Amino acid sequence: MPDSDPSQGSSQRDPASSFQSGRRTEGANSPVTQEVKRCQLYFGPARCHSMKQDKDRSTVVGTKFAESKNERDLFCKAKRRPSTSRILLLFFSVCSALALIVLSSTPKECHAARSLRPLIHIVRRGETLSGIALHYRVSIAQLRRWNGLHGDKILEGQHLQLWRKSPSKSYFVRSGDTLTEIGIKFRVSISLLRRLNDISEDRIYAGQRLILRPATTPEETRQARTAEENERFEYVVKHGDTLSEIAARFHVGLGFLRQLNSLTNDIIFPGQRLRLRPSSLDEPVHIVRPGDTLSSIAKKYRIRISDLVELNGIEGSRILVGQELRLTKRPVHMYIVERGDALWEIGRAYGISVTELKRINGLTDDEIYPGQKLQLPIQQPEYLDTYVVKKGDYLGRIARLHQMSIADLKRINGLRSSLVYPGEELKVNPLLNKGREWPKISKINWDDLAVSLRGVRKIEAGNGPYYNYSPKATYQKSRDYYENPSTSPLKSYRQARRLWKAFENEVDSLGYLSNVLRGWHIVLDPGHGGLDPGAIVENLDGNGNKVYVVEDEYVYDIALRVYVLLRLHGAEVTMTLLSPNHLLRHSDPPTQTFVNEKNEVYNSYEFNRRNCLQSWPSGGSNGNLSYRVRIARNAFKKVPRNHRIFLSFHADIEPESPDATVILYYRSKKRHYIDFASKNFAQSILSALGAGAYARGQYLGVLKRNPAGVKIVLEVRNLAYTDAAWAIRFEQLRYRDAEKIVKGVLDYVRNLH
Ligand SMILES: [Zn+2]
């Protein structure tokens, strides 16, 4: 979707939603122009000539197609339709990539009403245009246009205009948010915020949905109420309640409930308000946002600037947007839960059984929350791992990867300066995915899984290896960059199959960790792919340099890691999509991001047989999502329904959702039908996915008429958050994501028996 300009555009989308699908189709390097060339190359000019002429109408036509319902079966078989519509559809559907794959359950602000005044942002020292764009979830192009800027240069004190078409109706609280900041950002008074959301003491919770303006329709009222029911952050004590019952009911350990509410005994009174979750300011890390200064952060979290400086090894007063700051010194026998940490991972990394951890901390189940303090056994020595410094490493990155403060890292290693050298060994906190028990890491040598194939060129690369051919670029240079496939769909399919066979053989040779999943068939569906890259986001590395992350490339890698682990536990696994030129990829260095290659194919001869442009996977509401379902149907043919699992992998930009893994299960558009089996499955794997993860129902094409017994879409990371985009670039953390998902599946299957 092109950027909408509130001062002239006719588009009905607000800046946020146009950023969300932030791929542009205009300009000389547009996919349309490029694809015309491609198309001529493969399919002859006759079939595509009209596309060029329609290019200029792209916006209007694209929107129309995206919304049209009877264009569903436009692909290869729909020969009679004008080729213009078919081909254009592919590219506009790319623009509206999220439309069907992820239809947010929260209402999008799509009102024609516009606010009369722009929001003014006053540029502070050290801010960059890209940082500000990230913060307000608008594109840099929009910022430039609204402010008549030509380059990226902005000056301290400069006033930047930001247009929004209509005020947002609700907002999900992020860690580190305060009520005052939210009030300023959305121009709502604090008193109104308090009243609308029934807030006392101005305490808010990350993940909490705040209503920003009074409901005007019964539908809005109902939605506000539903949101409330999904997640409770506070509870008002009723007559007859006991503390332990409340703890069990809301999945908070009794000890933690006492801690949250500063209770010295278990006596409670009707009417008393109990906190059920740590507040947005209780989390142990802060991700720097535009406008943050050391003093504003220190003030917000009520810590001393000097502590902040010391903990984070800050030299001078320079902090970078996206940088992670640690806020507390971690006591030796204490673990402070971070977003995404799971109890089983902590137990494994520190060599303590989950049962023991739960016993020590008075937990009744496996659920933990960001900011929760967990006591580790006193007799346990401080458990540390050894990390060998790699080329290009720096202390900040090593610390962040191991969830440590720079101060701790320096102290433990007796470092005087922040300089580290390749080959140097450092003592670090164990990575939560480098545990000592499950799964036996020694059995999975990821390097061995880089297969070699006779007659196939293997190309080593920092973000590889690649086979057959490698991308021309060594990293994703911009949001708009992409590379076309080097050959036709059918040939790509054959390359991909050959590569996949070799990979399957390698995985076979690893043996088994367990046979828990024997008899189960699991279909893995990496989101987007082919012509549709999914979300593409800008991120800043530790030095403040821009890097870009392409959703489909990263979720494919996570899906492959899940594949390996599932196979090691005895499952049959089928992929819906395959890449012709890579398998598992490294990220060394992580700044060498995966390139947007439009070359993934459906893992089915049937869908590639025609060898036409429409054979490539594409996105959007009219995208050929049903092909994925058909691949699953084929795979599941001889499997009993209750042994079929379908997992679709995504990492979309969802500014309206919290910073966490989200599991989506199917519900019909009007919510008459909810897939309860999948809902149960989703909820049962939440604790394996870690603190902050949540599940919700959504209308999703890929889950509709899907023959699996349980089927979900996993938004593994929410790329609307800088920290998520940072993390997904790291191979270790992608592996960790995969492990958590597989742990969830294993727990689910084990609990069935
Ligand atoms: Zn996606």
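A: **The sheet and its helices**

Strands β15 (residues 521–526) and β21 (residues 644–650) run parallel and are joined by six bridges. Strands here are DSSP runs of E, at least two residues long, and helices are runs of H or I, at least four, numbered from the N terminus. This is a predicted model: local features need pLDDT of at least 70, side-chain atom pairs count only at pLDDT 80 or more, and totals for chains, interfaces and linings use all residues. Residues are numbered from 1 along each chain as its sequence is written.

Val-523 stands opposite Phe-646 in β21. Both strands belong to an open sheet of six, ordered β18-β15-β21-β24-β22-β23, with mixed pairing. Two strands pair if DSSP finds at least two bridges between them. The edges are β18 (572–575) and β23 (694–698), each pairing on one side only. Neighbouring strands are turned by 25° on average, direction ignored.

Helix α21 (residues 551–568) packs on the sheet and touches β15, β18 and β21. Contact means C-beta atoms, placed from the backbone, within 7 Å. The direction of α21 makes about 165° with that of β15. Axes are lines fitted to C-alpha atoms, for helices over the stretch in contact, and angles run from 0 to 180 degrees between N-to-C directions. Helix α24 (residues 676–689) also packs on the sheet, touching β22 (662–666), β23 and β24 (710–715).

α21 also packs against helix α26 (residues 731–752), at about 45° with axes 8 Å apart. The contact includes Tyr-554 and Leu-565 of α21, and Tyr-735 and Val-745 of α26.

Definitions and conventions. Contact = placed C-beta atoms within 7 Å.
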